[in-house]
Structure formats: structure tokens, C-alpha cells
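I opened this entry to look up side-chain contacts.

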Amino acid sequence: MKLFPGLSVKVAVLLVLSVFLGGCGSEQGPVRLQGRAIGTTYSILVYGLPENLTSESLDRGVKQVVAGVNSAMSLFKPDSELSRFNACNETDWFPVSRELAEVVSTAKEVNRMTGGAFDITVAPLVNLWGFGPDKRPEIVPSEAEIKQASADVGSNLVEVRLDPPAIKKLKPGLTLDLAAIAKGYCVDAVSNWLESRGVSGFMVEIGGEIRTRGTKPGNVPWRIAVEKPVSMERSVQAVISLTDKAMATSGDYRNYFEVGGKRYSHIIDPTTGRPITHKLVSVSVIDATCSRADALATGLTVLGPEKGAAVARKYNLSVFFIAKTADGFAETATGNFPKHETLN
Ligand code: AMP
Ligand code: MG
């Protein structure tokens with residue numbers, strides 16, 4: 001079942017690639033856990049299991065963390081906190097879990113950093129363009145429909161407080177779409193749980209968003225592949241080492257529909273109410289947390305090559321941009337994005 005619209009099509013190949021790229025591990029090999037989370041798949045590698053843990057208890061623990069995130073943030077569970085908040089037309093404080101309040105708080109921070117480009121209140125537009133939970137046909141909506149859907153969009157219309165955790169609509173029609181940040185949040189939640197259980201070497205990947213801790217045996221860093229932004233094949237654009245950090249990637253090269261030869265991306269520019277149209281096709285962000293990396297990757301994708309790079313430089317963010325050119329791809333890296341091996 002697809003719990004988050006738009007997520008299941010962004011396939012998690014990076015882990016597979018990174019395992020491949022990582023070469024051989026310890027003689028014992030890693031513990032590998034796989035499953036489904038928030039409408040996509042997860043894959044986890046753990047080296048050096050503490051003595052008090054077995055792969056079964058690890059698996060149970062991860063599933064519990066994932067179930068908690070699902071019941072807070074899934075749009076396809078009518079009783080999730082997010083679904084109940086969306087359905088409620090009242091403008092009072094709505095008590096939620098700390099997890100949901102934290103996500104909304106990070107989303108508002110990234111909304112400010114990106115000058116409104118990242119906006120979780122974009123839900124009515126995502127639905128209108130056929131990428132949300134409403135089973136809309138893939139058609140180009142009318143100007144009037146776009147205007148109407150835009151009326152309830154704006155991150156200033158949602159307030160959040162952490163203690164006690166609650167969120168609040170300033171307009172009854174407001175609804176939230178967390179698809180652009182929830183995968184990253186789930187990566188953080190699983191990573192934090194693993195750390196709390198004393199696991200010191202792991203890689204957690206959910207729907208292509210990744211966080212690592214420590215290294216593989218022999219001090220070998222985790223090596224992560226950035227996918228080439230093409231829809232018809234899966235190949236590697238660049239390879240980086242990632243230690244004690246998270247990386248998230250956004251792009252419009254896989255989740256889109258076409259009408260009359262024109263491509264309509266699932267990433268919506270809240271200022272126009274329309275899918276993005278520029279030549280930026282993939283944005284990877286490295287950050288301390290995967291939720292912020294996930295949100296920033298989407299927000300910088302909305303901003304496009306020039307404005308996106310300007311925001312990345314302003315906040316000294318480590319970002320890798322891939323833009324389409326007449327004969328291939330052009331890459332730009334900002335901040336401390338690690339030097340990589342370009343494979344095209
Ligand atoms: P991601 O793959 O993380 O870039 O997330 C893309 C998803 O986020 C889309 O499928 C929509 O559900 C949602 N979305 C689209 N545009 C925006 C936006 N401007 N801000 C926040 N979320 C968005
Ligand atoms: Mg994102």
C-alpha cells in the first residue's frame with residue numbers, strides 16, 4: 001500500500017549501489033534489515049552488533065520505530081495524527097506527538113530558509129496535479145482550479161509548538177503534505193533508535209534518503225552513489241563518502257506525467273501553483289539530520305539552479321546540483337559537499 005503519495009515511485013537504489021561500491025566488509029558481514037516504511041522501502045546495514053542485541057531484536061525495534069512514524073504522518077491511514085489534523089476544520093491548538101511537531105517545526109525552518117519554496121501546506125496543489133492521495137487523473141488543471149487550490153497554501157497558516165507538542169491551523173481549510181520530509185524524518189528516527197541501543201556503525205536508507213554512522217570495519221567509510229537523473233535507466237552520476245551525516249536527494253526525473261509532450265513534475269512551485277519547469281533535475285543535500293536534508297533538497301529543487309545555489313551558499317549548505325544541458329548534465333557543488341568521482 002502506498003502510504004505517502006508520490007513516494008513509491010522514487011525507488012531506493014542508492015543503498016544497493018552503495019553496498020556494491022563499498023567493496024567487501026568484515027568477515028562476519030553486516031546485519032541487513034529490509035522492509036517497508038512510509039510508502040516506500042527501507043534498507044539498513046549494521047556492523048558490530050552490541051552483545052545485548054540480536055538481528056531479530058534489531059528488526060523488531062526498527063519496525064516499531066517505523067510504525068510510530070507511520071501512525072503520526074501517513075496520509076493513507078485515516079486515523080493517523082496527520083489525517084486527523086487535516087480533516088479537522090478547527091483553528092484551536094491540536095495536540096500531536098513530539099515527532100509530528102518536530103517535523104512541522106523543521107518544515108517551517110526550511111520554508112523560511114528557502115523563501116517559501118519548501119512548503120508542506122502545498123497539499124491541495126499536489127492533489128490537484130494528481131500526485132496526492134485523491135485519485136485524480138493526470139490532467140493539467142485550469143487556472144481557476146489552481147487559484148482555488150492556492151488559497152489555502154502558505155506556511156504562515158500553520159503554527160507549531162514543541163512543549164506540549166501541538167500544531168494549529170490559522171485557516172480551517174489548511175492541510176499538510178509531509179511527503180517531502182517524512183522519509184528523512186523516519187531515517188533520523190531509526191538512526192536515533194540504533195544509536196540509543198549502542199549501535200555504532202550503520203547505514204539507514206529509506207526511499208533513497210540516507211544517514212550513516214561510523215565506518216565499516218577497517219575504517220572504511222560508507223560510500224554513497226548519487227543516481228544519474230534519467231528516468232529510463234539506473235546508473236551512477238557520482239560517488240561520495242558519507243560519515244556521521246545524512247544525504248537526501250530530490251529530482252523530477254522519475255515522478256512526473258506528460259501531456260502533449262510536456263513534462264509535469266510532482267514538485268510544485270508554491271508561488272505559481274504549478275510544477276517546476278527549470279533545468280535543475282537533481283539536488284542532493286548533506287546535513288546533520290536527514291529530515292532537514294530531505295526538506296532542503298525539495299526546497300532547493302523548487303528554487304532552481306541559480307536561486308537554489310544562492311540559498312545553498314547563503315547558509316553554507318553542502319549541496320550537489322545536477323542541471324540538464326543540451327548535451328548532458330552540468331554539476332555544481334556548494335559548501336563541503338565532498339569531492340566526488342564523476343562517472344559520466
Ligand atoms: P521529495 O521527493 O522529497 O522531493 O518530495 C516530493 C513530494 O513533496 C511531492 O511528491 C509532493 O507530495 C510534495 N511536494 C511537492 N512540492 C512541494 C513543495 N514545494 N514543498 C513541499 N513539498 C512538496
Ligand atoms: Mg524531500
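I count a salt bridge when a side-chain nitrogen of Lys or Arg is within 4 Å of a carboxyl oxygen of Asp or Glu. The model is predicted, so to speak of local features I need pLDDT of at least 70, and side-chain atom pairs count only at pLDDT 80 or more, while totals for chains, interfaces and linings use all residues. Residues are numbered from 1 along each chain as its sequence is written, and side-chain values use heavy atoms, with hydrogens and water left out.

Salt bridges. I found 11 in the structure. Glu102 and Arg98 form one of them, at 3.1 Å from N to O. Both residues lie in helix α4 (residues 98–113), four residues apart, about one turn of the helix (helices are DSSP runs of H or I, at least four residues, and strands runs of E, at least two, numbered from the N terminus). Glu102 is partly exposed at 28% relative accessibility; buried means under 20% relative accessible area, exposed over 50%, and partly exposed in between, with a 1.4 Å probe and protein chains only.

I then looked up Arg213, which bridges to Glu195 with the closest N and O atoms 3.4 Å apart. This pair links distant parts of the chain, strand β7 (residues 209–213) and helix α7 (residues 182–196), 18 residues apart. Asp188 and Arg211 join Glu195 and Arg213 in a network of salt bridges.

Charge over ring. I noted the charged end of Arg161 over the ring of Trp93, 4.7 Å from its centre (the cut-offs are NZ of Lys or CZ of Arg within 6 Å of the ring centre and within 35 degrees of the ring normal).

Notes:
Chains lettered and ligands numbered in written order.
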